[in-house]
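Please open the model in your viewer and keep the selection tool at hand.

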Amino acid sequence: MDEPEAPPIDIKNEVDNDPCPPWEFLYTNLLVRGDGVPKAPEKSTLKGCSCIGGCPSDSDMCECAAKNMQLRSEVRTTTGFLYDSEGRLREFDHPIFECNDACACAEYCNNRVTQKGRRCALEIRKTEKRGWGVFAAEDIPSGTYLGVYSGELLTDEEAEVRGKTYNDYNRNYLFDVDFRYIKDYLATQRRKLKQRYTVDAMHVGCFTRFFNHSCDPNSMIVPCVFGDAYPEIPYLAFFTLDPITKGDEITFSYKGDTITNAQERQAKRARYKAKKLLGKKKTAKPGAFGKIDVPCECGSVLCEGSMWNLGSSDDEESGEEGEDSDRSM
Ligand SMILES: [Zn+2]
Ligand SMILES: [Zn+2]
Ligand SMILES: [Zn+2]
C-alpha cells in the first residue's frame, strides 16, 4: 500500500537517552509471504462492482455494498458501506469489503479508504514503563484509519515454532489471523477453513508494531478484504475506536477482546470504577502469566494485570480462555 498523503512519523524521547527504537526490522506496509502461503491474488481473480463514478451505498445497486451487508446481523443501525461519507468506520464488528482493482468505480468512491493509506499525524515516543509507543500528533476522530499490521505472513505451524523462540526472549510480535467472520464467510461460499495464518512483525513491519497493549484500548484491528480472493488473509487495518486527543497514546488489546460498542465501553468503565472504590480491583501479579511474563502497565481502570490470554480469570468479565500467548481476536 502506498501512502502518498501520510504525514511523516516523528520519533521523540523525553524519558531517557535512547535516540530511537531499535531499528531491527525491515519497514514495509505489505505482507511478506512465507513458505506455504498463497501468493497475492491476481487482478483477474478479484471480484468487483460495475458502478460508474462513486458507488451508491445501496445493496441493490453495488455488489461491494451488498458484500458489506451480508455478514451483518438482522438488527443493524446502518446499511451499505461500513464507512461514512468522510471515510470513517461506523461499525467495528464486521469485516470490511473495500472496492478494489476489479471495480469499475472511481478513485473517489467512499468504499476506498485503507487502500489510500494513513492521513492522520502520529509520532513514536518513549514511555516511562512500556518501551516505545505510538501517540496522536493531532486530534483524531473515531473510526479513523491509522495503519496496517504488516509483517511476514506465516502458516500457523511456522508461527508456532517461532513463537516458542520468541517466548524465550519474552518478546512477541505474532498476530493470529483468527477472526470469527472467516468461517461464516467461507460457509456462504461452501468452503471450509483449511489453513490458519499468523502475521509476524518481529523482522518485518511498520510503525504499528510499536502500538502498546491496553485493557481499555482506543483503537482496534478490523479485517479488510479486497476482491474476495482470500477472505482467510484479510488486511489487518487499525481504526480509532474513540475520538483521540492530540498527545494521547494509541493502544489496542493484544487479547482481542475489545468492546466495539461505545456505550458498552462506558458502562464497563463505570462498573470497574465502582469496584475499585470497593477495593476489589485485581492487581498485577508479576510472574503469574506463564510463558510471556509481562504484567500489564496500561494504567486503565479496566486493567486486568496481564497483556495476554494466558488462562482463566476469576473476573466477571472474563471471556475466552486459552493458553495462547499470541495476539489474536
Ligand atoms: Zn460499487
Ligand atoms: Zn466503489
Ligand atoms: Zn466496488
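Begin with the largest nonpolar core of this predicted model, which has 63 residues. A nonpolar core is a set of buried Ala, Val, Leu, Ile, Met, Phe, Trp, Tyr and Cys residues joined through C-beta atoms within 7 Å. A residue is buried if 20 or more other C-beta atoms lie within 10 Å of its own, exposed if 12 or fewer, and partly exposed in between, with C-beta atoms placed from the backbone. Select Cys55, Val222, Ala237 and Phe239, the residues with the most contacts inside this core. Next, colour strand E13 (residues 219-226), which gives the most to the core, with six residues. Helices (H or I, at least four residues) and strands (E, at least two) are DSSP runs, numbered from the N terminus.

A second, separate core has seven residues, including Tyr254, Cys296, Cys298 and Cys303.

Now move to helix H1 (residues 63-70), where Cys64, Ala65, Lys67 and Asn68 are buried. Why do they lie on the same side of H1? They cover an arc of only 155° around the axis, the arc being that of the directions from the helix axis to the C-beta atoms.

Select Arginine 190 in the loop between helix H3 (180-188) and strand E10 (197-200). Although not a glycine, arginine 190 has a positive phi of about 55°. It counts as exposed because it has 6 C-beta neighbours inside 10 Å.

Residues are numbered from 1 along each chain as its sequence is written, and chains are lettered from A and ligands numbered from 1 in the order in which they are written.

Key:
This is a predicted model: local features need pLDDT of at least 70, side-chain atom pairs count only at pLDDT 80 or more; totals for chains, interfaces and linings use all residues.
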